[in-house]
Amino acid sequence: ISFGFKNDANYLFVCLVTSDRNKIMKILRGGLTIWLEPENSGNTIGIRYPDKADPSELMQLRRNNTELQSPANDDSQMKNILSTQNELYIVKENNFVIKAFPLNGEYYKVKIDITNGKFFYELKIPFGNETKLIGALYQGMEKTLDVIFETGEMEKPGMNRMRPEGMGERDDEQ
């Protein structure tokens, strides 16, 4: 995975690139939250996009993923999964949603592309007080900002059908 960061007076730009299929699928399955934690502020806020994928879409991708299929078709199916998500979420601890914004609205811009097995993620985060939520995060902030990437819990479609508690540990005593 490669990361890139840049900022100007008004925005923080975040970029993530990977060709690791396991990491790409983890992001698609469980979503991705980018946590922003200004040094010495005590405030932490997250930006979640993409959100967890619909398990039925993941099952379709899994069914279609055969040895005969080309990587371009696989990329296309992953893009289709993302195409249904039109908002990013501002979250606090425990992923509690504070506000939703359109993907490429007035304040936030986000782009994900999957081409030739490479996953590209770009996010533009406003610093200004016009968003109020992010502005409050930066009040009194010094010059250092921790950025933490977190994927959500992965759910493997179809694994928990038989038992409500999932597979769990087996009890070998009979």
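This report describes aromatic contacts, a surface patch and charged pairs in one protein structure. The model is predicted.

**Aromatic rings**

A pair of aromatic rings is described by the distance of the centres and the angle of the planes. In this structure, the count comes to 5 aromatic pairs. One of them joins F3 and F149: the ring centres lie 4.7 Å apart and the planes meet at 40 degrees, so this pair is tilted. Since F3 belongs to strand β1 (residues 2–7) and F149 to strand β9 (residues 145–151), the pair ties together parts that are 146 residues apart in sequence. F3 has a relative accessibility of 45% and counts as partly exposed. F149 is also partly exposed, with a relative accessible area of 23%.

A tilted pair is also formed by Y11 and F13, with 6.1 Å from centre to centre and 45 degrees between the planes. F13 is partly exposed at 29% relative accessibility. Y11 has a charged neighbour as well: K124 lies over the face of the Y11 ring, at 4.3 Å from the ring centre.

**The cluster and the surface patch**

F3 and F149 form one aromatic cluster together with F5. F5 lies in strand β1 and is partly exposed, with a relative accessible area of 46%.

**Charged pairs**

Side chains of opposite charge can pair when their charged atoms come close.

| Salt bridge | Closest N and O atoms |
|---|---|
| D20 and K23 | 3.6 Å |
| R48 and D51 | 3.2 Å |

In the salt bridge between D20 and K23, D20 is partly exposed at 30% relative accessibility, and K23 is partly exposed with a relative accessible area of 36%. In the salt bridge between R48 and D51, the two residues fall into separate classes. R48 has a relative accessible area of 13% and is therefore buried, because buried means under 20%. D51, at 23% relative accessibility, counts as partly exposed.

**A loop residue**

N40 is found in the loop between β3 (32–38) and β4 (45–48). The relative accessible area of N40 is 62%, so N40 is exposed. N40 and T144 are 104 residues apart in sequence, yet their C-alpha atoms are 8.8 Å apart in space.

Terms used:
Residues are numbered from 1 along each chain as its sequence is written. This is a predicted model: local features need pLDDT of at least 70, side-chain atom pairs count only at pLDDT 80 or more; totals for chains, interfaces and linings use all residues. Side-chain values use heavy atoms; hydrogens and water are left out. Rings of Phe, Tyr and Trp (its six-membered ring) pair if their centres lie within 6.5 Å; planes under 30 degrees apart count as stacked, over 60 as edge-to-face and the rest as tilted. Helices (H or I, at least four residues) and strands (E, at least two) are DSSP runs, numbered from the N terminus. Buried means under 20% relative accessible area, exposed over 50%, partly exposed in between (1.4 Å probe, protein chains only). A charge sits over a ring if NZ of Lys or CZ of Arg is within 6 Å of the ring centre and within 35 degrees of the ring normal. A salt bridge is a side-chain nitrogen of Lys or Arg within 4 Å of a carboxyl oxygen of Asp or Glu.
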